[in-house]
Amino acid sequence: MSKLYFRHGAMNSGKSTGLLQVAFNYEERGQRVLLAKPGIDTKGAGEIVSRLGMTRNVDFLIQPDDDARAVFAAQAAGDDPDALLEHVQVPPVACLLVDEAQFLTPSQVDDLFRIAVLDRVPVIAYGLRTDFRTRAFPGAARLLEIAHSLEELKTICRCGRKALFNTRRVGEDIVFDGDQVAIDGADVWYESLCGSCYLEASGGKLL
């Protein structure tokens, strides 16, 4: 039986890089993969962007109201109503790779589970567990509940310990207020911290 995998880690733990490596490994062996990410992730627009500088276009975006399984099925079958040729013959999909999966809705994560179990296509989802206030993203919480396999991708804090939490920064200031989703860019960026450094920055609070 195909499985749903959730590979999670703090910021800068190599999630997007790992996804691109897995895609390369499949394709090197002549296998077809599909890459997707939530449309709410505006970083790189329609690309997966690794902090090492590697990029790759996704095959489809999953918008907040989409039925993820239906969108996948259309792409897997070679259907694209916006393309010059609306349908092309394509080989079967060996794996679906999803970046920034924490931004999916819980129902879309359920769709990923159905793709793995009912459509028999392995799904590997990469993402964060928690936001800058240590609260689980709804999509990540659902993945932690139903994924067949969980794997933590590790990175280090500035002190050298294993990083666990993500802090949001505006300029050089650490902030603990704001919307759950703020894509890193020119004004907002994130730093991964261990538990000790996070508590020091937050005044001892887990917000």
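## Buried residues and helix faces in a predicted model

Cys194 has a relative accessibility of 3% and therefore counts as buried, the cut-off for that word being under 20% relative accessible area. The structure in which this residue sits is a predicted model, and a search through the whole of it finds 0 disulfides. Cys194 is accordingly in no disulfide, and the nearest cysteine sulfur, which belongs to Cys159, is 3.7 Å away, whereas a disulfide would call for two cysteine sulfur atoms within 2.5 Å. Another cysteine, Cys95, is buried as well, with a relative accessible area of 0%.

The secondary structure of the protein chain comes to 5 helices and 11 strands. Its radius of gyration is 18 Å, close to the 17 Å that the globule rule gives for 207 residues, so the chain is as compact as a globular protein of that length. Taken along the principal axes, the C-alpha atoms fill a box of roughly 55 × 35 × 35 Å. Of the 207 residues, 43% are buried, and the accessible surface of the chain comes to about 10500 Å², with carbon and sulfur atoms holding 51% of that area.

An α-helix has 3.6 residues a turn, so residues three or four places apart point the same way. In helix H2, which spans residues 68-76, the buried residues are Ala68, Phe72, Gln75 and Ala76. Seen down the axis of H2, these residues fall within an arc of 95°, so they line one face of the helix. They pack against strand S2 (32-38), strand S5 (60-62), strand S6 (93-98) and helix H3 (106-117). At the start of H2, a side-chain oxygen of Asp67 comes to within 3.0 Å of the backbone nitrogen of Arg69, and just after the helix, Gly78 takes a positive phi of about 90°.

Helix H4, made of residues 138-146, has Gly139, Ala140, Leu143 and Ile146 as its buried residues. Around the axis they cover an arc of only 145°, which puts them on the same side of H4. What covers them includes strand S1 (4-8), H3, strand S7 (123-127) and strand S8 (149-152).

Two loops remain to be visited. In the loop between S6 and H3 lies Glu100, a residue that has a positive phi of about 50° although it is not a glycine. With a relative accessible area of 19%, Glu100 is buried, since the limit is under 20%. Thr134, placed in the loop between S7 and H4, likewise takes a positive phi, near 70°, in a residue other than glycine, and at 16% relative accessibility Thr134 counts as buried.

Notes
Residues numbered from 1 in each chain as written. Predicted model: local features only at pLDDT ≥ 70, side-chain atom pairs only at ≥ 80, totals over all residues. Heavy atoms only, no water. Buried < 20%, exposed > 50% of the residue type's maximum accessible area, 1.4 Å probe, protein only. Helix = DSSP H or I, 4+ residues; strand = E, 2+ residues; numbered from the N terminus. Arc of directions from axis to C-beta. Contact = heavy atoms within 4.5 Å. Polar contact = N/O pair within 3.5 Å; in protein donor to acceptor, adjacent residues only side chain to side chain. Rg over C-alpha atoms; globule rule 2.2 N^0.38 Å. Areas by Shrake-Rupley, 256 points an atom, 1.4 Å probe, with all protein chains shown as cover.
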